[in-house]
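Please go through the structure shown here.

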Protein chains: 2
Amino acid sequence: MKKLVQHVYDQFGVTFNDRSVLIEAFTHSSYANDHRDEQIRNLERLEFLGDAVLEVTVSEYLYHKYPNHPEGQLTRMRASIVRAESLAKLAKEYNLHQFVRLGKGEEQMNGRTRPSLLCDVLEAFIGAVFVDQGMDVVKDILKAILFPKIDSGAFSHGMDHKTALQELLQRNGVVTIEYTVVDKRGPDHQKEFVVEVNVEGDLFGKGVGRSKKAAEQAAAKVALEMLEESNES
Amino acid sequence: MKKLVQHVYDQFGVTFNDRSVLIEAFTHSSYANDHRDEQIRNLERLEFLGDAVLEVTVSEYLYHKYPNHPEGQLTRMRASIVRAESLAKLAKEYNLHQFVRLGKGEEQMNGRTRPSLLCDVLEAFIGAVFVDQGMDVVKDILKAILFPKIDSGAFSHGMDHKTALQELLQRNGVVTIEYTVVDKRGPDHQKEFVVEVNVEGDLFGKGVGRSKKAAEQAAAKVALEMLEESNES
């Protein structure tokens, strides 16, 4: 218990006023079930709250960070950030799972490193910080552990290539990205489209596909690979 | 435009610092499309934000209001409050739709009173208040227009009878609600269960059903009707 308090202070600079809230956030339902007679609270209520707190803080961040992104793009970005897989990764990075009170059966079945548990614990922890410390402290923590990842494009993997290319290029301001069909060939039942993607007038990639949409995606993919290569060298 | 500013002040006591944010929240995409050359922003980005702001404020309210409700129950309550139908009703109650800038085609097709538009405008308005005035003003507004409805059980309709009964009875603290199978009758393929529901030891209702679960729901329904009748008289 002391170790958890110390860990939270070391990693996030936070000291809880009410330690019982912190402990609740690190108590899995399987542990509460193993100690049913003690009426221990599990993390689920805090997870309910933390989930909404994460959603609104990420939404606010994206809204201000990308003042020219249409709603659809913001929604896709948010989804890729707050999805269970991303949050589980974050929880593991900060070793949150090591401090979870887990039931015996769950421990034996390697529940501690299960992505769903990792994600739940992160959300419950955010919920606990919100209840005990307020929204501003939540934001401070996310500024340290999550927002820089957004800025560096860590969540672009789940996106389609066109969106990912746009994210990457528009990170520092609006740029013009244009897709142009430069060729349409083959018979009707086997048509092929050739699309070029131009960024601020320069050719960045060329793609081929069975539909205009597929060719655009292919072109964006080529452009992304080209950009990644030039970044690495 | 002046009328919108006045309406928002009259209804919610709020004066926007940046009126353009307020106007954006009341600009439907169909209007922006009709005036494409003017590059007008529509309400969708604010709706994206307002949706998350509503979710977190309602979550926080429920979390504190019902300290003993398990997560599943909180989630069901939240869903019934923030669902489109509920929000559309609220938007109509406060006449928000009358101030929306709508495209001509949309207006002719009675878009102004469509539930999806009503819901979108309410979310966008909440998003605009959040951006221009901050979270505390959002909460003040919801304390006036939404939370009292939660307290009075206005969102219990979407719930199953057992949950609705629990909401109603536990609004002012925990009470013991017990369901007991008092009879099981009929042959296997046509079994009937009889269930009694007792509240703090007193019989509140009796229900019959083909399964234990169905009989419990029937008993809860009887109890709810009994409580509603005694409230009305």
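How much area do chain B and chain A bury between them? They bury about 2300 Å², with 65% of it on carbon and sulfur atoms; buried area is the accessible area (1.4 Å probe) that two parts lose on being put together, summed over both. This is a predicted model, in which local features need pLDDT of at least 70 and side-chain atom pairs count only at pLDDT 80 or more, while totals for chains, interfaces and linings use all residues. Residues are numbered from 1 along each chain as its sequence is written, chains are lettered from A and ligands numbered from 1 in the order in which they are written, and side-chain values use heavy atoms, with hydrogens and water left out.

**Chain B and chain A**

- Chain B and chain A each put 27 residues into the contact (heavy atoms within 4.5 Å).
- On the chain B side, B:Arg45, B:Phe48 and B:Tyr63 lose the most area to chain A, together 36% of what that side buries.
- Zero salt bridges are found across this interface (a side-chain nitrogen of Lys or Arg within 4 Å of a carboxyl oxygen of Asp or Glu).

**Domains of chain A**

- Domain 1 of chain A spans 2-151 and domain 2 spans 161-232, with bounds from an automatic or database domain assignment.
- Seven residues of domain 1 and six residues of domain 2 make up their contact.
- The centres of the two domains, taken over C-alpha atoms, are 37 Å apart.
- About 570 Å² is buried between these domains, and carbon and sulfur atoms give 43% of it.
- Between the two domains the count is zero salt bridges.
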